[in-house]
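Please read these points with the structure open beside you. They go from the sheet to the core and then to the charged pairs.

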Amino acid sequence: MNGNYYQNPTFPTNNYQTPPGNISVNETNLPMEQSYIENILRLNKGRKVKAYVSYPDSSAWQNKIYEGIIEEAGKDHLIIRDNTNNLWYLIRIIYLNYVEFMEPIIYSHSFSDKTY
(Lines give C-alpha, C1' and ligand atoms only; values in the text may rest on other atoms or scores of the structure.)
Protein backbone atom coordinates (compact mmCIF):
# COMPACT_ATOMS: atom_id res chain seq x y z
CA MET A 1 0.00 0.00 0.00
CA ASN A 2 2.65 2.52 0.94
CA GLY A 3 5.49 1.14 -1.15
CA ASN A 4 8.87 1.36 0.50
CA TYR A 5 8.33 4.74 2.13
CA TYR A 6 7.34 3.30 5.51
CA GLN A 7 8.55 -0.02 6.77
CA ASN A 8 7.46 -1.86 9.85
CA PRO A 9 9.79 -0.94 12.71
CA THR A 10 11.87 -3.59 14.43
CA PHE A 11 12.51 -3.34 18.13
CA PRO A 12 15.31 -4.97 20.07
CA THR A 13 14.23 -7.73 22.38
CA ASN A 14 15.22 -7.82 26.01
CA ASN A 15 16.80 -11.27 26.44
CA TYR A 16 18.25 -10.39 29.83
CA GLN A 17 17.85 -13.14 32.43
CA THR A 18 18.66 -12.95 36.10
CA PRO A 19 21.91 -14.82 36.75
CA PRO A 20 21.82 -17.80 39.12
CA GLY A 21 23.26 -17.61 42.60
CA ASN A 22 25.00 -14.55 44.01
CA ILE A 23 26.59 -13.31 40.81
CA SER A 24 26.46 -9.53 40.61
CA VAL A 25 25.39 -7.87 37.39
CA ASN A 26 26.93 -4.70 36.02
CA GLU A 27 24.12 -2.13 35.73
CA THR A 28 25.39 -1.03 32.33
CA ASN A 29 24.09 -4.32 30.90
CA LEU A 30 20.53 -3.41 31.88
CA PRO A 31 18.30 -1.14 29.81
CA MET A 32 18.48 2.46 31.07
CA GLU A 33 14.80 3.18 30.52
CA GLN A 34 11.87 2.17 28.39
CA SER A 35 10.12 5.43 27.59
CA TYR A 36 8.64 4.26 24.32
CA ILE A 37 5.80 6.31 22.86
CA GLU A 38 3.19 3.68 23.70
CA ASN A 39 4.25 3.71 27.36
CA ILE A 40 4.03 7.51 27.56
CA LEU A 41 0.62 7.45 25.88
CA ARG A 42 -0.52 4.66 28.24
CA LEU A 43 0.56 6.69 31.27
CA ASN A 44 -1.56 9.58 29.99
CA LYS A 45 -4.72 7.55 29.47
CA GLY A 46 -7.73 9.79 30.05
CA ARG A 47 -5.97 13.02 29.04
CA LYS A 48 -7.13 15.27 26.23
CA VAL A 49 -4.81 15.36 23.21
CA LYS A 50 -4.47 16.33 19.59
CA ALA A 51 -2.81 13.62 17.49
CA TYR A 52 -1.15 14.86 14.29
CA VAL A 53 -1.13 12.09 11.71
CA SER A 54 0.13 11.84 8.10
CA TYR A 55 -1.00 9.31 5.53
CA PRO A 56 1.58 9.60 2.71
CA ASP A 57 -0.35 7.42 0.25
CA SER A 58 -3.63 9.28 0.57
CA SER A 59 -4.39 12.40 -1.41
CA ALA A 60 -7.61 13.08 0.53
CA TRP A 61 -6.21 12.47 4.03
CA GLN A 62 -2.56 13.40 3.67
CA ASN A 63 -2.47 15.25 7.03
CA LYS A 64 -5.14 14.89 9.70
CA ILE A 65 -5.60 16.00 13.31
CA TYR A 66 -7.54 13.80 15.72
CA GLU A 67 -8.68 15.48 18.93
CA GLY A 68 -10.03 13.66 21.95
CA ILE A 69 -9.29 11.60 25.03
CA ILE A 70 -6.67 8.83 25.06
CA GLU A 71 -8.52 5.59 25.72
CA GLU A 72 -5.82 3.01 24.99
CA ALA A 73 -2.35 2.73 23.49
CA GLY A 74 -0.37 -0.24 22.28
CA LYS A 75 2.87 -0.94 20.45
CA ASP A 76 1.31 -0.15 17.10
CA HIS A 77 -1.89 1.79 17.81
CA LEU A 78 -3.57 4.62 19.68
CA ILE A 79 -7.29 4.82 20.45
CA ILE A 80 -8.78 8.28 20.90
CA ARG A 81 -12.39 9.06 21.86
CA ASP A 82 -13.84 12.31 20.51
CA ASN A 83 -16.64 13.50 22.83
CA THR A 84 -17.83 16.24 20.47
CA ASN A 85 -19.08 13.81 17.81
CA ASN A 86 -19.14 10.49 19.75
CA LEU A 87 -16.52 8.90 17.49
CA TRP A 88 -13.64 6.62 18.41
CA TYR A 89 -10.44 6.59 16.35
CA LEU A 90 -7.98 3.74 16.00
CA ILE A 91 -4.72 5.27 14.78
CA ARG A 92 -1.66 3.31 13.72
CA ILE A 93 1.45 4.63 15.49
CA ILE A 94 3.42 4.36 12.25
CA TYR A 95 1.40 7.31 10.88
CA LEU A 96 1.60 9.39 14.09
CA ASN A 97 3.81 12.48 13.77
CA TYR A 98 3.38 13.93 17.24
CA VAL A 99 0.88 14.42 20.06
CA GLU A 100 -0.10 17.73 21.60
CA PHE A 101 -1.33 17.42 25.18
CA MET A 102 -4.02 19.78 26.51
CA GLU A 103 -3.08 18.84 30.09
CA PRO A 104 0.21 18.23 31.92
CA ILE A 105 2.03 15.13 30.68
CA ILE A 106 2.78 12.25 33.03
CA TYR A 107 6.21 10.89 32.19
CA SER A 108 7.67 8.06 34.23
CA HIS A 109 10.68 5.83 33.88
CA SER A 110 12.88 3.83 36.21
CA PHE A 111 14.65 6.86 37.70
CA SER A 112 11.78 9.16 38.67
CA ASP A 113 8.11 9.99 38.22
CA LYS A 114 7.55 13.41 36.72
CA THR A 115 4.72 15.53 35.40
CA TYR A 116 5.52 18.15 32.79
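## Notes on the sheet, core and salt bridges

1. A pairing to start from: Val49 stands opposite Phe101 in β5. The model is predicted, and every point below should be read with that in mind.

2. The strand pairing that brings Val49 and Phe101 opposite each other is that of β1 with β5 (residues 96–101), which is antiparallel and runs over five bridges.

3. In what order do the five strands of the open sheet stand? The order is β4-β3-β2-β1-β5, and the pairing is antiparallel. β4 and β5 are at the edges with a single partner strand each, so one side of each has no neighbour in the sheet. From one strand to the next, the twist averages 45°.

4. Strand β1 (residues 48–54) is largely enclosed by the rest of the structure, because five of its seven residues are buried. When following the strand, recall a general rule: in a regular strand the side chains alternate between the two faces of the sheet.

5. The largest nonpolar core has 17 residues. Those with the most contacts inside this core are Leu41, Ala51, Val53, Tyr66, Leu78 and Ile91. The elements that give two or more residues to the core are β1, β2, β3 (77–82), β4 (87–92) and β5.

6. Beyond its neighbours within four places in sequence, Val53 is in contact with Gln62, Asn63, Lys64, Tyr66, Ile91, Tyr95, Leu96 and Asn97.

7. How many salt bridges does the structure hold? There are four. One of them joins the side chains of Glu103 and Arg47, at 3.4 Å from N to O. Glu103 lies in the loop between β5 and β6 (106–109) and Arg47 in the loop between α1 and β1, so this pair ties together parts that are 56 residues apart in sequence. Arg47 is buried, with a relative accessible area of 18%, whereas Glu103 is partly exposed at 31%.

8. Another salt bridge is formed by Glu67 and Lys48, whose closest N and O atoms are 3.9 Å apart. It links Glu67 in strand β2 to Lys48 in strand β1, 19 residues apart. Glu67 counts as partly exposed at 32% relative accessibility, and Lys48 is partly exposed with a relative accessible area of 35%.

9. Glu71 and Arg81 meet through their side chains in a salt bridge of 2.6 Å, N to O. Because Glu71 lies in strand β2 and Arg81 in strand β3, the pair ties together parts that are 10 residues apart in sequence. Is Glu71 buried or exposed? At 17% relative accessibility, Glu71 counts as buried, because the cut-off for buried is under 20%. Arg81 is partly exposed, with a relative accessible area of 23%.

10. Last, look at helix α1 (residues 37–43), which contains Asn39. The side chains of Asn39 and Arg42 are joined by a polar contact of 3.0 Å. Asn39 and Ala73 are 34 residues apart in sequence, and their C-alpha atoms are 7.7 Å apart in space.

How values were computed
Residues numbered from 1 in each chain as written. Predicted model: local features only at pLDDT ≥ 70, side-chain atom pairs only at ≥ 80, totals over all residues. Heavy atoms only, no water. Buried < 20%, exposed > 50% of the residue type's maximum accessible area, 1.4 Å probe, protein only. Helix = DSSP H or I, 4+ residues; strand = E, 2+ residues; numbered from the N terminus. Pairing = 2+ DSSP bridges. Polar contact = N/O pair within 3.5 Å; in protein donor to acceptor, adjacent residues only side chain to side chain. Core = buried A, V, L, I, M, F, W, Y, C linked by side-chain atoms within 4.5 Å. Contact = heavy atoms within 4.5 Å. Axes fitted to C-alpha atoms, helices over the stretch in contact; angles between N-to-C directions.
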